[in-house]
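Reader: Hi! I have this one open on my screen and would like to talk it through with you. Can we start with the contacts?

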Amino acid sequence: MRQERVFFWFHSSSSAGGPVAVQITREVGASGRRFPIRLLLRARSAAAAMAENVELPARLAILPFRNKVLLPGAIVRIRCTSSYSVKLVEQELWQREEKGLIGVLPVRDAAEAAAVSSVLSTGSGTDSGYQSTKAPVDALDSQKQDGKNLEGHIHWHNRGVAARALHLSRGVEKPSGRVTYVVVLEGLCRFSVQELTSRGTYYTARVSRLDMTKSATAMELISILEQKQKTVGRTKVLLETVPVHRLADIFVASFEISFEEQLSMLDSVDLKVRLLKATELVDRHLQSIRVAEKITQKVEGQLSKSQKEFLLRQQMRAIKEELGDNDDDEDDIAALERKMQSAGMPPNVWKHAQRELRRLRKMQPQQPGYSSSRGYLELLADLPWQKASEELELDLRAAKERLDCDHYGLIKVKQRIIEYLAVRKLKPDVRGPVLCFVGPPGVGKTSLASSIAAALNRKFIRISLGGVKDEADIRGHRRTYIGSMPGRLIEGVKRVGVCNPVMLLDEIDKTGSDARGDPASALLEVLDPEQNKAFSDHYLNVPFDLSKVIFVATANRAQPIPPPLLDRMEVIELPGYTPEEKLKIAMRHLIPRVLDQHGLSSDFLKIPEAMVKLVIQRYTREAGVRNLERNLAALARAAAVRVAEQKCALPLTKEVQPVTSSLLGPRLAEGAEVEMVDIPMDVNGHEMSNTLRATSTIVVDEELLEKVLGPPRFDDRETAERVASPGVSIGLVWTSFGGEVQFVEATMMVGKGDLHLTGQLGDVIKESAQIALTWVRTRAVDLKLSAAGEKNLLDNRDIHIHFPAGAVPKDGPSAGVTLVTSLVSLFSQKKVRADTAMTGEMTLRGLVLPVGGVKDKVLAANRYGIKRVILPERNFKDLVEVPSSILAGMEILLAKRIEDVLEQAFEGGFPWRQQAKL
Ligand SMILES: Nc1ncnc2c1ncn2[C@@H]1O[C@H](COP(=O)(O)OP(=O)(O)OP(=O)(O)O)[C@@H](O)[C@H]1O
């Protein structure tokens with residue numbers, strides 16, 4: 001058991017008074033366990049008053065304090081274990097009825113005393129000389145030196161303090177049976193030693209009280225002292241209740257001062273001297289506190305806020321570690337904070353993030369909001385607030401080369417892209433229009449956008465908007481929703497990791513609106529350069545700057561795009577490819593890519609041009625090249641299987657040529673030696689490839705084509721078969737897949753003249769059907785469509801018109817003339833020509849209006865092997881777009897009126913000139 005001193009700092013509320021230290025002594029067990037501190041200040045004030053009236057006996061038993069002074073007013077708790085002190089306490093305090101007084105006398109070793117006495121005796125401010133009594137002591141022990149004897153020569157100080165016991169407790173140690181005491185002593189008044197005598201085991205001294213002398217200056221000093229020590233709480237109570245002349249002792253007792261200073265305080269009997277000394281000590285103490293404060297402030301000032309935070313966090317971490325509270329989660333949060341710090345958020349976002357982080361810190365991981373809060377902060381930390389890919393000086397020639405290298409044809413489109421890039425080069429922060437590539441699937445819209453990104457040395461991200469009907473898909477859900485997420489744009493930016501990517505808004509025409517809001521209006525904000533500087537995502541809840549992003553949009557058709565959105569974009573149309581273009585694309589781009597994707601090279605697989613042509617004609621009927629690419633990939637897969645099989649078979653003999661078991665069989669049967677060859681093979685299998693090169697190159701022929709791709713899916717006989725009966729006509733329409741050939745079938749039965757329409761038709765096409773029927777009915781007589789005497793024939797029949805490919809939704813006005821032709825064919829029972837397709841919108845007056853997508857429509861007819869196309873006359877100028885190679889093999893007929901269409905559509909001229917056969 002040992003003792004330690006504990007200081008309590010009472011801080012003044014005013015700036016003038018510094019902190020006041022109150023010292024308490026407490027015990028520390030052998031194991032290091034600290035016993036609770038009992039603050040005895042309350043007792044002091046009452047005791048201080050009593051000390052004034054204390055009657056000092058002539059003799060006092062003397063308890064020596066080694067290197068320590070007990071001052072009047074101070075309280076100390078000591079543990080007595082030596083026989084000297086135990087005896088003294090037992091006889092003087094324990095066994096007495098009324099609690100007696102004992103004298104506490106400082107002692108020190110003789111050598112030490114000799115060294116200091118000379119200094120002290122001449123020192124100023126001491127009102128009495130330093131005289132020590134030299135006496136041999138056998139066994140002296142005080143509070144600390146348990147079991148240690150004060151042997152040899154020691155110096156007794158000639159002044160001490162009478163003390164009384166405030167508390168006394170007795171203990172018996174087991175198994176030794178040794179008695180110990182714990183005494184709480186309070187210093188009362190000073191005395192001087194007249195004579196020191198040994199009385200059995202301990203000393204007694206004849207003493208005389210040293211009374212202080214009051215002086216006016218002392219009171220003045222006390223008032224200064226009081227000013228300086230404006231304290232709170234218990235210390236204040238102490239100041240108010242303790243007589244002023246005792247304060248000096250009390251304060252000094254609570255300071256950490258040297259033994260010499262303590263002695264000199266003890267020796268200062270005169271109040272004036274004592275207070276002067278106390279003031280000096282208090283001053284010194286205050287100064288040291290102020291200096292310490294100043295230093296701390298200076299250091300604090302130098303530390304930036306974040307450094308300070310870092311230090312505090314480190315401390316907190318250390319404390320938690322000490323408490324065993326430091327789990328992985330804390331580490332995670334610290335890592336998250338580091339990540340947030342390096343994310344480069346703008347100040348307002350950083351503040352917001354800090355607030356959220358503080359919330360997260362207070363939460364337990366099991367708490368419901370924890371993971372959502374964490375996910376949110378992760379997003380904030382992951383978003384590229386500042387991070388951008390470095391834009392190199394744009395080399396237009398290189399960009400052009402890149403576009404040419406990636407894409408065949410598309411000359412106009414590439415030209416427009418180069419113009420766009422040139423403007424960006426001259427004015428990098430230009431708020432140019434958003435490019436929107438419109439065209440059927442597989443014509444290279446996506447790959448063009450990625451080429452733009454490559455040319456600008458920016459990252460590329462594709463955001464699919466197909467089927468997005470909910471505004472929240474674009475803007476995210478508010479965090480109040482369970483499972484809320486950021487919108488696709490913010491998610492995309494997070495994924496790409498830079499704030500200036502090329503962002504492809506794919507299939508912008510496929511967004512729709514419903515009760516859950518309008519995604520197009522959110523897109524308006526995104527595409528508006530004025531607004532996208534502070535794009536607000538509901539989940540993110542803080543603005544994000546999208547102005548550095550280059551947006552490119554794609555759509556299959558421009559028509560469904562809401563006009564305000566279309567207005568913000570520059571539409572670049574990519575029409576479908578002609579068979580020749582497809583062939584070139586396949587030979588130059590698709591085949592090398594497909595071979596590469598399948599780990600093959602042209603040494604293994606050769607697809608001759610003629611075969612590619614066959615694939616285009618017989619296995620695909622599309623505007624783009626996606627299916628073509630798919631079919632080529634199927635060929636490559638089949639080849640890969642063969643090559644892999646050959647790899648297994650080859651090691652049998654090096655003479656195997658070609659590697660087939662049919663050849664190998666007879667040779668082995670003849671008894672030829674089979675020589676085993678080791679074919680060295682590196683990691684990429686190059687050696688193997690070289691060996692195989694000589695042996696087998698698969699060349700695709702018609703047979704292999706059918707084997708792999710199956711029987712041809714399309715041929716030119718289809719149209720002839722489908723228009724084999726009256727009532728069927730061939731139209732050309734424009735769908736999201738580009739130009740298409742659309743058959744229209746009409747039939748009639750006895751009824752009330754109703755019109756039935758089937759085939760997933762939209763409102764516009766339904767209305768076209770009504771218009772067409774009305775047109776035909778009103779002209780039935782002129783057209784000689786009804787038999788004599790059966791004027792109302794058409795009124796007594798129900799008409800059913802069906803558009804095959806019933807699963808595909810259809811809409812648009814350009815089926816008008818096709819519908820009329822189909823009805824006329826039905827009523828006249830004449831077949832339309834199988835080699836003729838038509839397109840054109842009609843009105844009730846019968847005019848054929850110009851239509852859009854002429855090039856695509858002509859290309860579609862070409863794909864179906866249709867040789868004649870009837871177009872409204874006004875579409876004449878659009879024919880320039882149609883490649884001459886296509887036009888060369890076709891007959892384009894221009895119609896001014898519907899009658900012109902009818903005249904061309906039927907075999908043998910005008911059907912209405914003949915008698916209708918109903
Ligand atoms: N002119 C071309 N030159 C070379 N390759 C092309 C060309 N046009 C298309 N391709 C290739 O065809 C494939 C399909 O193109 P892409 O995915 O860009 O089509 P898309 O028009 O974006 O289709 P979707 O509308 O379905 O998104 C890609 O592999 C692309 O490289």
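Author: Happy to! Ser 814 touches Val 733, Trp 734, Thr 839, Gly 840, Glu 841 and Val 851, leaving aside residues up to four places away in sequence. Keep in mind that this is a predicted model.

Reader: Thanks. Where is Ser 814 placed?

Author: Ser 814 is in the loop between strand 23 (797–802) and helix 28 (816–828).

Reader: And is Ser 814 buried or exposed?

Author: Ser 814 has 27 C-beta neighbours inside 10 Å, so it counts as buried. The cut-off for buried is 20 or more.

Reader: Which residues does the "active site" annotation cover?

Author: In the UniProt record, an unreviewed entry, the "active site" annotation covers Ser 814 and Lys 857. They span 44 residues in sequence, yet no two of their C-alpha atoms are more than 11.0 Å apart, so they gather at one spot.

Reader: Nice. Tell me about Lys 857, then: what does it touch?

Author: Lys 857 is in helix 29 (residues 854–863). Not counting residues up to four places away in sequence, Lys 857 touches Leu 732, Trp 734, Gly 739 and Thr 839. Trp 734 and Thr 839 are also among the residues that Ser 814 touches. Lys 857 is buried because 29 other C-beta atoms lie within 10 Å.

Reader: Great, switching to the ligand. How many residues surround it, and which are the closest?

Author: The ligand is surrounded by 20 residues, and the closest are Pro 441, Gly 444, Lys 445, Thr 446 and Ser 447.

Reader: What does that shell look like by class?

Author: The shell around the ligand has 10 polar, 6 nonpolar and 4 charged residues.

Reader: Which helices supply at least two residues of the shell?

Author: Helix 15 (445–456), helix 20 (579–597) and helix 22 (626–649) each do. Helix 15 gives the most, with 3 residues.

Reader: And which domains does the shell draw on?

Author: Domain 3 (396–573) and domain 4 (579–709) each provide at least three residues of the shell around the ligand.

Reader: Good to know. New topic: what is going on around strand 10?

Author: Strand 10 pairs with strand 9 (residues 179–199) in the antiparallel sense, over 8 bridges. In that pairing, Arg 199 stands opposite Tyr 202. The two strands form a hairpin with 2 residues between them, and Gly 200 in the turn has a positive phi of about 70 degrees.

Reader: How is strand 10 joined to strand 3?

Author: Strand 3 (residues 59–66) and strand 10 (residues 202–209) run antiparallel and are joined by 4 bridges. Leu 60 has Ala 205 in strand 10 as its bridge partner.

Reader: You mentioned a positive phi at a glycine. Which phi value does Asn 541 have?

Author: Asn 541 is a residue other than glycine with a positive phi, near 65 degrees. It lies in the loop between strand 14 (535–536) and strand 15 (543–544). Asn 541 has 16 other C-beta atoms within 10 Å, so it is partly exposed.

Reader: And what about Gln 760?

Author: Gln 760 is likewise not a glycine, and its phi is positive, near 55 degrees. The loop between strand 22 (755–758) and helix 27 (763–778) holds Gln 760. With 14 C-beta neighbours inside 10 Å, Gln 760 counts as partly exposed.

Definitions and conventions. Residues numbered from 1 in each chain as written. Predicted model: local features only at pLDDT ≥ 70, side-chain atom pairs only at ≥ 80, totals over all residues. Pairing = 2+ DSSP bridges. UniProt positions renumbered as here; feature names shortened; annotations may be inferred. Buried ≥ 20, exposed ≤ 12 C-beta atoms within 10 Å, placed from the backbone. Contact = placed C-beta atoms within 7 Å. Near = placed C-beta within 6 Å. Nonpolar A, V, L, I, M, F, W, Y, C, P; charged D, E, K, R; others polar. Domains from an automatic or database assignment.
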